[in-house]
Amino acid sequence: MTSHLKTDYVSEIKRMRDEKNAIILAHYYQTGDIQDIADFVGDSLALSQKAASNNADIILFAGVKFMAETAKILAPEKKVLLPDMNAGCSLADSCKAEDFKKFIKSHQGRTVITYVNTTAEIKALSDIVCTSSNAVQIITSLPPDEKIIFAPDRNLGNYIINETGRDIVVWNGSCHVHEEFSLEAILMLKKKYPGAKIIVHPECELPVRLVADFIGSTSSLLEFTKRDKGKYYIVATEPGIIHQMKKENQEKEYFAAPPKDSTCGCSECNFMKLITMEKIFNCLKDESPEIFVRESIVRKAQKPIRRMIEISKNMVLSK
Ligand code: 13P
Ligand code: SF4
């Protein structure tokens, strides 16, 4: 029997958020309703910048575990909550600390730059962290002859090599979502809408990047659709971002780039989509599950993340 006293999650979440002095941070890959109740929506860089500078006592992260861990590392005195601890990341999982230590050892003398999509242990082994928004900027801030290790995303790594021409060895990891797009289906869509611009996240494979009109992080893709004069866009990243694109420009049309398997819906990040309104409500009510990171790891991981924030400090926060 369904109860007629169904909880109004949205007003209850807002009430508890104010009562507990909490802030809700959401990534663009969350569902539209969750993005709409968040205090701040952004890409990985903007979210870590926001986590590092806010007055809340509690940060509730509507995103995945590595993002919540990054918030905890930057603000260890705050309570950081993640509504579902199974919200992991296939890319972060593709780089285990024990294996990465050996990789660093076999490429001694190289500066270790890691994408934010890693565990706290991997960050603690890094010299600088980066996101897809600032990867090129971080690499080019180093002397031209500096030898670099980049991990864990092979597609972003190869994209950075092409953009910068630097000497970089790349860890062989990838994101299951961004490697799922079908070049053939994208080109079929383009045939149907010849004026459509193909906009692509750098975690996508080379053939998809090669047909792109624009390549960038989620917030750069959003900015591109805002300033571009076109009307149609084929969006090759997780389709959650289309919610913000539509909010910014309702008269434009956005098509989610189709996956290789048209029956699977696998261009959605199943980790991101584990977060629901009901879980946010329960998490804020119980103040659990809470993120904990070992103090020794916090100390080591803070340095490379703060270095990234320092280098990127003139970059604009999302929204
Ligand atoms: P950005 O938020 O940097 O665009 O990264 C996308 C992503 O895959 C996050 O998991
Ligand atoms: Fe990880 Fe890919 Fe999901 Fe981003 S989209 S959280 S990289 S699995």
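At roughly what angle do the axes of helix 4 and helix 15 cross, and within what distance do they come?

Reply: This is a predicted model, in which local features need pLDDT of at least 70 and side-chain atom pairs pLDDT 80 or more, while totals for chains, interfaces and linings use all residues. Residues are numbered from 1 along each chain as written, chains are lettered from A and ligands numbered from 1 in written order, and side-chain values use heavy atoms, without hydrogens or water.

Helix 4 spans residues 65-74 and helix 15 spans residues 295-311 (DSSP runs of H or I, at least four residues; strands are E, at least two). Their axes cross at roughly 95 degrees and come within 9 Å (lines fitted to C-alpha atoms over the stretch in contact; angles run from 0 to 180 degrees between N-to-C directions). Helix 4 is therefore roughly perpendicular to helix 15 (65 to 115 degrees).

On the side of helix 4, the contact is made by Thr70, Ile73 and Leu74. Helix 15 meets them with Val298, Ala301, Gln302, Ile305, Arg306 and Ile309 (heavy atoms within 4.5 Å). Six of the residues in this contact are nonpolar, two are polar and one is charged.

The loop between helix 14 (277-286) and helix 15 holds Pro289. The peptide bond that joins Ser288 to Pro289 is cis, with omega near 0 degrees. Another cis peptide bond runs from Ala151 to Pro152, with omega near -5 degrees. Pro152 lies in the loop between strand 7 (148-151) and helix 9 (154-164).

How values were computed:
Angles under 35 degrees count as roughly parallel, over 145 as roughly antiparallel, 65 to 115 as roughly perpendicular and the rest as oblique. Ala, Val, Leu, Ile, Met, Phe, Trp, Tyr, Cys and Pro count as nonpolar, Asp, Glu, Lys and Arg as charged, and the others, Gly among them, as polar.
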